[in-house]
Amino acid sequence: MRDGTPNDPAGAVASGLSPGLCGSCGHARVIRSGRGSLFSLCQLSAVDPSFPRYPTLPVLRCPGYEPVERGVSGSGPLPGLP
Ligand code: SF4
C-alpha cells in the first residue's frame, strides 16, 4: 500500500509478531495512532515511492534495508518501541 491506511502492521507489532528486517532498519519508525495502535512507517517511502509507507510485516527482503547497530542482531523490536 503506497499511501492511506496501514494494512495492519500495528496488529503485527502489538501481537509480538516479528517485524522482520524493519525491526533493525534505520529507516523504520514506529508511529502510534490516536487510538494507541502502533504502525511501522518506512521513512524511505518519503523519498522513494517504490517503498510502501506502511510495509506488510514481517519484511523478509528489502533493497533499502540498512541495519542499525543496537547490540542485537536479527529481528528485534522496532525502533521507537520500549
Ligand atoms: S527500507 Fe525496507 S527494511 Fe527498512 S524500514 Fe523500509 S521497508 Fe523496512
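In this briefing, Ala, Val, Leu, Ile, Met, Phe, Trp, Tyr, Cys and Pro count as nonpolar, Asp, Glu, Lys and Arg as charged, and the others, Gly among them, as polar. By that division, the shell around the ligand holds 11 nonpolar residues, two polar ones and no charged ones. The structure is a predicted model. The protein chain has 82 residues, of which 32% are buried.

**Confidence**

- The mean pLDDT of the protein chain is 78, and 63% of the residues score at least 70.
- Over residues 1–5 the pLDDT is below 50, and this stretch has seven contacts in the model beyond near neighbours in sequence.
- Residues 7–12 also have a pLDDT under 50, and the model gives them 15 contacts beyond four places in sequence.
- Among the elements of the protein chain, helix α1 (residues 9–14) has the lowest mean pLDDT, at 50, while β1 has the highest, at 91.
- Where pLDDT is low, predicted coordinates should not be read in detail.

**The two strands**

- Strand β1 spans residues 28–32 and pairs with β2 in the antiparallel sense, over five bridges.
- Two facing pairs can be picked out: I31 has F39 of β2 as its bridge partner, and R32 stands opposite L38 of β2.
- The hairpin of β1 and β2 has five residues between the strands, and in this hairpin G36 takes a positive phi near 90°.
- As background, most residues other than glycine have a negative phi.
- β2 is mostly covered, as four of its five residues are buried.

**The ligand shell**

- The ligand is surrounded by 13 residues.
- The closest of these residues are C22, C25, C42, C62 and G64.

**C25**

- C25 is found in the loop between α1 and β1.
- Why does C25 count as buried? C25 has 24 C-beta neighbours inside 10 Å, and the cut-off for a buried residue is 20 or more.
- Leaving out residues up to four places away in sequence, C25 touches Y65, E66, P67 and V68.
- C25 and C42 are 17 residues apart in sequence, and their C-alpha atoms are 9.2 Å apart in space.

**The nonpolar core**

- The largest nonpolar core has 11 residues: L21, C22, C25, A28, F39, L41, C42, L44, Y54, L57 and V59.
- Strand β2 (residues 38–42) gives the most to this core, with three residues.
- In soluble globular proteins, nonpolar side chains tend to be buried together.
- C22, C25 and C42 are members of this core, and these three are also listed among the closest residues to the ligand.

**The segment after β2**

- The peptide bond from L57 to P58 is cis, with omega near 0°. As background, most peptide bonds are trans.
- L57 counts as buried because it has 25 C-beta neighbours inside 10 Å.
- P58 is partly exposed because 16 other C-beta atoms lie within 10 Å, a count between the limits of 12 for exposed and 20 for buried.
- Is P52 buried or exposed? P52, which also lies in the segment after β2, counts as buried, with 20 C-beta neighbours inside 10 Å.

**Links across the sequence**

- Contacts between residues 24 or more positions apart account for 65% of the contacts in the protein chain with a separation of 6 or more.
- L57 and S18 are 39 residues apart along the chain, and their C-alpha atoms are separated by 7.5 Å.
- P58 and C22 are 36 residues apart along the chain, with 7.6 Å between their C-alpha atoms.
- P52 and C42 are 10 residues apart along the chain, and 6.8 Å separates their C-alpha atoms.

Key
Residues are numbered from 1 along each chain as its sequence is written. This is a predicted model: local features need pLDDT of at least 70, side-chain atom pairs count only at pLDDT 80 or more; totals for chains, interfaces and linings use all residues. A residue is near a molecule or strand if its C-beta atom, placed from the backbone, lies within 6 Å of it. A nonpolar core is a set of buried Ala, Val, Leu, Ile, Met, Phe, Trp, Tyr and Cys residues joined through C-beta atoms within 7 Å. Two strands pair if DSSP finds at least two bridges between them. pLDDT is the predictor's confidence in each residue, from 0 to 100. Two residues are in contact if their C-beta atoms, placed from the backbone, lie within 7 Å.
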